[in-house]
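My notes follow in the order I looked things up.

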Amino acid sequence: MSDEPERLQDMGDAAPARTTRRARLRLGRRGRDEPTAAEATSPRPYAETALEDLVVITGYSGAGKSTAMNVFEDAGYFCVDNLPPEMIRALVELFVHEGSKVERAAVVSDVRGGDYFEALRAVLEDLEALGLGHRVLFLDAADDALLTRFQETRRRHPLAPASSVERGIALERAVLEPIKGLADVVIDSTGLKAHMLRRRIADEFLPRVPTSKLTVSLESFGFKHGPARDADIVLDVRFLPNPHYEPALRPLTGHDQRIVDFVGRDGQLEAFYERLEPLLDYLLPQYVAEGKAHLTIAIGCTGGRHRSVAVTEHLGRRWRERDDVFVEVAHRDIAQADRRDSDRGAA
């Protein structure tokens, strides 16, 4: 299995940056903009293969490659883990060999394969030239999220087994950053729990059963800990009264009714709901009509502990009462104050 831990923490979120590799693939490995006459007329020997879909999974150690492979394995794909790019070509030769019954395959490519960028680009160009349908998924994550995941599992980074995890992350980022430009889909797993990442990958890559039910992820966060990283809609609730400045309320969270009462004491919270809820009532069916399967709404306050949590919980309770949406609730930064207090106590 690949080297990242399965458990994905609430460390932030980002909108998935998507980019196609079509323009890049028109440029051959020798720098030619157009194919030669011989290449243009050469047969595409594997265009009729039984292999219908090949997914190449790559990305940072700890970003969720194992989770991604599990998604495809559960969907019936033939899966192979930790292959250097050169071996992808050999594996594909087996897939397209006469008599092969493999129709769908997913391959996790390992950065430890050497000259990774040029080797992977060459393989992808070969697949394109041979007429093999394929897609590239890149798993990204913030440095802090990757570091936390390695610390929780007490594992060493594969690129720095004798050094620090921080050094391994930096080395891997330098190698893999150019690979994003070759990807069909880039998903940032920062802040996504494993089940949320699985759902996101399935929404992007697997055939959907026709349905009108929309998955709505409601996520609270704190602006001081970084912006929301994978949101379709961002709501800033910093205009509401801040319990942080009340010593008796500061240790509490937005789950506590005392926080809700404080935030709503002057009527601004209720007025906010009176305007926001009809807007969402209008918007969500529009997203369903456009075929969107997943919508992330991020609610931010200063620290992500009080106001944003209270609002997120309120919206979660309201939308769970509906039959046309499936609701997920996550709180990215609710434990940040606890972590800082623990660090100070340990010091």
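Which residues in α8 are buried? I found A194, M196, L197, R200, I201, D203 and F205 buried in α8, where buried means under 20% relative accessible area, exposed over 50% and partly exposed in between, with a 1.4 Å probe and protein chains only.

**Ground rules.** I am working from a predicted model, in which local features need pLDDT of at least 70, side-chain atom pairs count only at pLDDT 80 or more, and totals for chains, interfaces and linings use all residues. Residues are numbered from 1 along each chain as its sequence is written, and side-chain values use heavy atoms, with hydrogens and water left out.

**Overview.** I get 12 helices and nine strands in the protein. Helices (H or I, at least four residues) and strands (E, at least two) are DSSP runs, numbered from the N terminus. Of the 347 residues of the protein, 51% count as buried. I also looked up the contacts, meaning heavy atoms within 4.5 Å. Among those between residues at least 6 apart in sequence, 83% join residues at least 24 apart.

**α8 and α3.** I checked the length of α8 next. Its 12 residues should span 16 Å at 1.5 Å a residue, and the end C-alpha atoms are 16 Å apart, which agrees. The expected span is 1.5 Å times one less than the number of residues.

Then I looked at its packing with α3. Helix α3 (residues 65–74) and helix α8 (residues 194–205) pack at an angle of about 55 degrees, with their axes 9 Å apart. That makes α3 oblique to α8. Angles under 35 degrees count as roughly parallel, over 145 as roughly antiparallel, 65 to 115 as roughly perpendicular and the rest as oblique. The axes are lines fitted to C-alpha atoms, for helices over the stretch in contact, and angles run from 0 to 180 degrees between N-to-C directions.

α3 passes α8 in a right-handed crossing. A crossing is right-handed if the near helix is turned clockwise from the far one by less than a right angle, and left-handed if anticlockwise.

From α3, T67, A68, V71 and F72 meet A194, L197, R198, I201, A202 and F205 of α8. By class, the contact of α3 with α8 has eight nonpolar, one polar and one charged residues. Ala, Val, Leu, Ile, Met, Phe, Trp, Tyr, Cys and Pro count as nonpolar, Asp, Glu, Lys and Arg as charged, and the others, Gly among them, as polar. I noted the spacing rule beside this: an α-helix has 3.6 residues a turn, so residues three or four places apart point the same way.

**α6 and α7.** Helix α6 (residues 143–153) and helix α7 (residues 165–176) pack at an angle of about 135 degrees, and their axes are 10 Å apart. α6 and α7 are therefore oblique to each other, and α6 passes α7 in a right-handed crossing. I see D143, L146, L147 and F150 in α6 meeting V165, E166, I169 and R173 in α7. By class, the contact of α6 with α7 has five nonpolar, no polar and three charged residues.

**α11 and what covers it.** How many of the 14 residues of α11 are buried? I get 10 of its 14, so α11 is mostly covered. The buried residues of α11 are R307, S308, V309, A310, V311, T312, E313, L315, G316 and W319. Their cover includes β6, α9 (257–263), α10 (268–289), β8 (294–301) and β9 (325–331).

I followed up α10. The axes of α10 and α11 come within 12 Å and cross at roughly 45 degrees. The contact is made by L269, F272, Y273, L276, E277, L280, D281 and L284 of α10 and A310, V311, H314, L315, R318 and W319 of α11. These residues of the contact of α10 with α11 divide into 10 nonpolar, one polar and three charged.

Phi of N82 is near 55 degrees, a positive value in a residue other than glycine. N82 lies in strand β2 (residues 78–83) and counts as partly exposed at 23% relative accessibility.

I found A228 in the loop between β6 (214–222) and β7 (233–236). The C-alpha atoms of A228 and G300 are separated by 7.9 Å, though 72 residues apart along the chain.

My last stop was G99, in the loop between α4 (85–95) and β3 (104–109). G99 counts as exposed at 57% relative accessibility.
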